[in-house]
Amino acid sequence: MAEDAMTPIERPQSLADAVLERLRYDIVSGKLRLGQMLSERVLAEKLGVSKSPVREALAQLRLEGLVRIVPQRGAFVFTLSSEGVRQVCEFRRMLERTALTLAVAREPHRLARLWAAIVEEMAQARAAGDGRRYLDADTTFHTTLFDLCGNAYISGAYSLHLGKIAALRTHLAVKPLHTEMSFREHGEMAAAIDRGDLAATLAILDVHIDRSQTTYAAGVPDIAQADASEERAVRPRRARSRLVTAAS
């Protein structure tokens with residue numbers, strides 16, 4: 001057989017990668033609740049694996065911000081306070097505006113074509129009552145910017161936090177009015193790009209992301225719990241600070 005006729009051997013997905021994908025999807029889809037405790041033993045039993053790949057997966061999810069490790073207590077699905085949501089939305093606004101500007105400069109016609117197809121996919125998913133399909137298309141709408149922006153550093157920064165952004169999107173989906181307005185904005189952005197109006201698209205994107213922040217902070221239950229948790233964590237530090245000041 002000629003050497004150039006050989007094809008690479010496809011490596012099977014590692015067990016740790018399979019566990020990682022499963023846990024990431026369960027968090028993003030809301031199957032694992034925000035703030036839920038994650039027992040390595042229980043997860044290993046449910047997935048039919050040893051604790052080692054579960055431990056590896058949790059370590060990676062921690063890097064992605066989807067899991068937090070509390071010393072002496074264990075692993076938990078992330079939760080965000082209203083301040084945390086504000087920071088995520090600021091992060092999104094900065095990177096998505098930049099990626100959009102670059103994508104329009106480099107691949108304007110392809111972006112217009114892809115966005116139109118994705119909006120149609122979202123419309124079909126809504127008509128079929130398929131919430132998961134709709135949310136996956138919503139995520140694809142935004143990641144398309146990074147696929148076309150031509151900058152691996154910007155894409156890499158966004159992808160590291162993509163799971164958390166998608167998980168927040170899932171939890172906003174319980175608000176019918178928010179979903180209706182969000183869908184309309186996707187269509188408006190696609191139409192603006194199709195006519196070559198970058199300024200209008202950027203303006204709609206700002207409104208789109210800002211409303212996600214206000215809707216989440218106003219209507220998602222874990223916000224209050226996260227704020228209370230942060231306040232409890234801050235109190236001991238304040239108390240220690242006062243003791244140090246008094247002793248000085």
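My entries on the pocket and on a helix pair follow.

**Entry 1: the pocket**

I kept in mind that I am working with a predicted model. First I asked how much space lies in the largest pocket. I got about 220 Å³. Next I looked up which residues line the largest pocket: there are 13, and Asp-26, Lys-31, Leu-32, Leu-43 and Lys-46 are the closest to its centre.

Then I sorted the lining by element. Helix 1 (15-28), strand 1 (37-38) and helix 2 (40-47) are the elements that give two or more residues to it. Which of the elements gives the most? I found that helix 2 does, with four residues.

**Entry 2: helix 1 against helix 3**

The axes of helix 1 and helix 3 (residues 51-63) come within 8 Å, and they cross at roughly 55 degrees. That angle is why I put helix 1 down as oblique to helix 3. Left-handed or right-handed? I noted the crossing of helix 1 and helix 3 as right-handed.

For the contact itself, I listed both sides. Helix 1 brings Leu-15, Ala-16, Val-19, Leu-20, Leu-23, Arg-24 and Ile-27. On the helix 3 side they meet Pro-53, Val-54, Glu-56, Ala-57, Leu-58, Gln-60 and Leu-61. By class, I have 11 nonpolar residues, one polar and two charged in the contact of helix 1 with helix 3.

Notes:
Residues are numbered from 1 along each chain as its sequence is written. This is a predicted model: local features need pLDDT of at least 70, side-chain atom pairs count only at pLDDT 80 or more; totals for chains, interfaces and linings use all residues. Side-chain values use heavy atoms; hydrogens and water are left out. On a 1 Å grid over the protein atoms alone, a cavity is a set of points where a 1.4 Å probe fits but cannot get out, and a pocket is an open set with protein on both sides within 12 Å along at least five of seven lines; lining residues have an atom within 4 Å of a point. Grid points are joined across faces, edges and corners, and a volume is the space filled by probe spheres set on the points. Axes are lines fitted to C-alpha atoms, for helices over the stretch in contact, and angles run from 0 to 180 degrees between N-to-C directions. Angles under 35 degrees count as roughly parallel, over 145 as roughly antiparallel, 65 to 115 as roughly perpendicular and the rest as oblique. A crossing is left-handed if the near helix is turned anticlockwise from the far one by less than a right angle, and right-handed if clockwise. Contact means heavy atoms within 4.5 Å. Ala, Val, Leu, Ile, Met, Phe, Trp, Tyr, Cys and Pro count as nonpolar, Asp, Glu, Lys and Arg as charged, and the others, Gly among them, as polar.
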